[in-house]
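Hi everyone, thanks for coming.

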Amino acid sequence: MHNKSRFTRRHALKMAGVGAAAAAFPFARPAISQGAPLRVGLLLPYSGTFAALGTAITNAMDLYVKQQGGKLAGRTIEWVKVDDESAPPKATELTSKLVQGEKVDVLIGTVHSGVAMAMAKIAREAGIPTLIPNAGANVLTRAQCAKNIFRTSFGNSQPGVAAGAAMIKAGIKTAVTYSWGYAAGEESVAGFKESFLAGGGKIIKELTLPFPNVEFQAGLAEIASLKPEAVYSFFAGGGALKYMQDYAAAGLKNSVQLWGPGFLTDGVEKAAGAAGEGVKTALHYVESLDNAENKKFRADYNAAFQRFPDVYAVQGWDTTMLLDIGLKAAGGDVKKQDDMFKAMRNAKFNSPRGPFRLSASQNPIHNFYLRELKGGENVYLGVAATDVSDPTAGWSGGESPRLPLVEV
Amino acid sequence: MDLVLIQLLNGVQYGLLIFLAASGLTLVFGIMGVINLSHGSFYMLGAYGALTLTQFTGDIFLSLALGVPLAFLFGVIIEWLFIRHLYDRDHLQQVLLTFALILIFNEAQKLLWGSYPHSVPVPGYLQGGVKISALLTYPYYRIAVAAFCVAIALAMMFVIQKTRIGRIIRAGESNREMVEALGIDSRLLFRFVFAAGAALAATAGIVASPLESVYPGIGEPVLIISFVVVVIGGIGSIKGAFVGALLIGVADALGKVYFPAFSSSIVYALMAAVLIARPGGLFGRAA
């Protein structure tokens with residue numbers, strides 16, 4: 001039944017586009033479609049170690065839409081939320097549920113790179129407008145980029161490249177890496193290696209821990225025996241909090257500097273307490289950024305949720321901003337994909353994170369900031385790198401990145 | 001100290017903590033024959049309970065003293081509301097109901113505490129640690145937790161071997177009908193055992209809360225590793241749970257250093273090896 005009515009409407013829309021025939025289909029004029037709610041599928045983690053990230057993204061998107069009166073480009077926004085649990089084995093089924101089952105108009109997801117890979121595969125085949133508000137798997141905007149997939153967060157290597165460069169600048173010569181052994185961790189470390197090795201640094205050993213394991217003791221003991229000058233670590237959410245605490249409790253904090261991408265400290269600044277003091281990170285956002293968009297966003301978000309936004313919330317905000325730009329260009333009709341995608345691809349706006357635009361493969365080009373955790377806050381130390389595009393030097397695939405098929 | 005020794009220490013400490021969680025599961029599974037998937041939820045509630053209680057008491061051990069009786073009481077209520085209807089039903093229905101409990105507890109956790117990670121402070125007098133190598137300190141709190149787990153293990157073995165309730169529990173495990181024929185109310189026994197299991201899981205969650213950060217879904221990995229321990233040790237055997245948990249802890253800690261590529265599968269490989277050699281588990285009856 002569902003499929004049949006679906007076909008009728010699409011068919012009718014086409015006829016309407018031709019012109020006069022529209023009147024013959026009074027039940028399915030474009031006007032009705034425009035007035036109908038726009039169903040936006042949210043494939044995000046609402047449980048597990050990344051639950052806070054999914055919540056922050058959702059909050060910011062909700063805030064944006066509410067500030068626009070609940071509508072984007074004249075269409076009422078209806079969220080269809082699915083908890084992906086950051087579990088890659090469930091990703092295909094859950095994405096299909098949203099795309100084929102719920103028949104959402106736009107797909108937004110997700111946090112975990114492994115889940116995003118499975119999601120993107122379906123999104124590419126279905127051709128549905130898709131925005132990635134966090135997952136940084138490099139390949140999503142490298143070899144496997146697609147005209148309908150936009151990332152508003154970062155590529156996994158980007159923060160690593162910025163952090164590695166900052167560590168060299170800080171005079172660090174030897175490092176151990178310790179990270180979750182899945183795509184996000186491995187690519188983050190790869191980015192770090194790229195700039196750290198290029199700057200003459202030496203990596204003594206690369207340690208990994210299976211995601212989402214949080215028994216860090218074994219790795220910490222090994223770090224202590226290897227005695228590097230610094231450690232570069234990718235962990236996030238609850239795992240990152242426990243990591244900083246274990247790192248401090250093991251006594252390493254005073255002898256081996258802890259560095260990482262900003263995910264190590266974001267969202268857990270306060271909870272980390274004394275254990276987090278002095279942890280240095282590179283990220284495309286820092287709370288105290290001095291720009292009008294950031295100040296307004298922070299005030300509004302705090303008023304709505306009694307909590308200041310983190311980088312994940314900023315990414316959620318920018319996701320909705322980009323979607324808004326696309327929808328406006330398409331007059332609220334997601335079927336006008338050429339108009340929608342072209343506008344999104346060429347979008348340039350001032351995000352709370354600073355200037356935001358997209359690369360040819362639809363990954364953000366943005367600034368990275370060096371931060372240090374002090375007194376429960378990420379303190380801004382300076383710009384680590386400006387206009388960072390996804391580095392293709394670290395790209396390891398056989399074929400060159402395929403450009404999206406949309407014409408610019 | 002040598003890296004191997006440090007890893008053994010880490011493994012033993014981790015294993016002792018797993019034992020606390022797994023001992024409750026093995027009791028419930030072995031004596032009542034109930035597969036309790038919501039066991040990890042009691043661990044989670046223990047951790048979140050510790051978070052809230054410690055905000056009032058200021059000391060994790062005061063929270064422990066308050067939290068364990070609360071968890072026992074909560075176990076009694078859950079048994080009375082749900083679990084007692086499962087005894088005569090098959091495992092599939094037990095799995096269905098206790099899985100539903102996981103979802104309910106997770107949702108309740110989100111409503112009550114939200115989804116951001118929290119940390120529970122280590123009490124002031126246990127800050128710091130013992131220096132065991134040039135750079136490495138072993139936190140006092142971890143040592144205290146290990147000692148606490150050993151004390152609980154000894155107390156449990158004493159209760160089970162030497163006391164009347166222990167005898168009833170052992171008898172209930174080997175032959176439920178006979179125990180009932182001797183005039184012992186198995187309903188009461190089961191209620192006690194389930195509540196004790198819940199209290200043990202919560203105890204593990206409480207003492208682990210300053211070691212773990214407290215976040216949604218914290219109980220699920222504990223549930224899985226507890227089942228592995230129960231299977232390795234033999235269903236219903238406290239001694240088995242103790243040995244199994246230590247084996248798992250040590251295998252995990254050493255595996256992470258010497259076979260990092262296989263570190264996530266090493267405990268399952270261990271489980272498979274034990275099952276091949278002794279299908280009933282190390283201390284279980286031959287299956």
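Let's begin with strand β10 of chain A and strand β11 (residues 280–283) of chain A, which run parallel and are joined by 3 bridges. Strands here count as paired if DSSP finds at least two bridges between them. One pair to look for is A:Pro261, whose bridge partner in β11(A) is A:Ala282.

A quick word on what you are seeing: this is a predicted model, where local features need pLDDT of at least 70, side-chain atom pairs count only at pLDDT 80 or more, and totals for chains, interfaces and linings use all residues. Residues are numbered from 1 along each chain as its sequence is written, while chains are lettered from A and ligands numbered from 1 in the order in which they are written. Helices (H or I, at least four residues) and strands (E, at least two) are DSSP runs, numbered from the N terminus.

Back to our strand. β10(A) also pairs with strand β9 (residues 230–234) of chain A, in the parallel sense and over 3 bridges. There, A:Val231 has A:Leu258 of β10(A) as its bridge partner. Between β9(A) and β10(A) the chain passes through helix α9 (residues 237–249) of chain A, in a right-handed β-α-β crossover; that is, with the strands pointing away from the viewer, the path from the first strand over the helix to the second runs clockwise.

Why is β10(A) described as largely enclosed by the rest of the structure? Because 4 of the 5 residues in this strand, residues 257–261, are buried, meaning that 20 or more other C-beta atoms, placed from the backbone, lie within 10 Å of a residue's own.

Now let's zoom out to the domains, whose bounds come from an automatic or database domain assignment. Chain A is assigned domain 1 (37–154 + 290–362) and domain 2 (157–283 + 368–388). Taken over C-alpha atoms, their centres are 27 Å apart. Domain 1 of chain A brings 14 residues to the contact and domain 2 of chain A brings 16, where contact means C-beta atoms, placed from the backbone, within 7 Å. On the domain 1 side, α3 (51–67), α5 (113–126) and α12 (311–329) of chain A each supply at least two residues, and α3(A) gives the largest share, with 3 residues.

Finally, which chain does chain A touch? It is chain B, with 29 residues of chain B in contact with 35 residues of chain A. On the chain B side, the largest share, 5 residues, comes from α1(B).

Note on methods
A residue is buried if 20 or more other C-beta atoms lie within 10 Å of its own, exposed if 12 or fewer, and partly exposed in between; C-beta atoms are placed from the backbone. Two residues are in contact if their C-beta atoms, placed from the backbone, lie within 7 Å.
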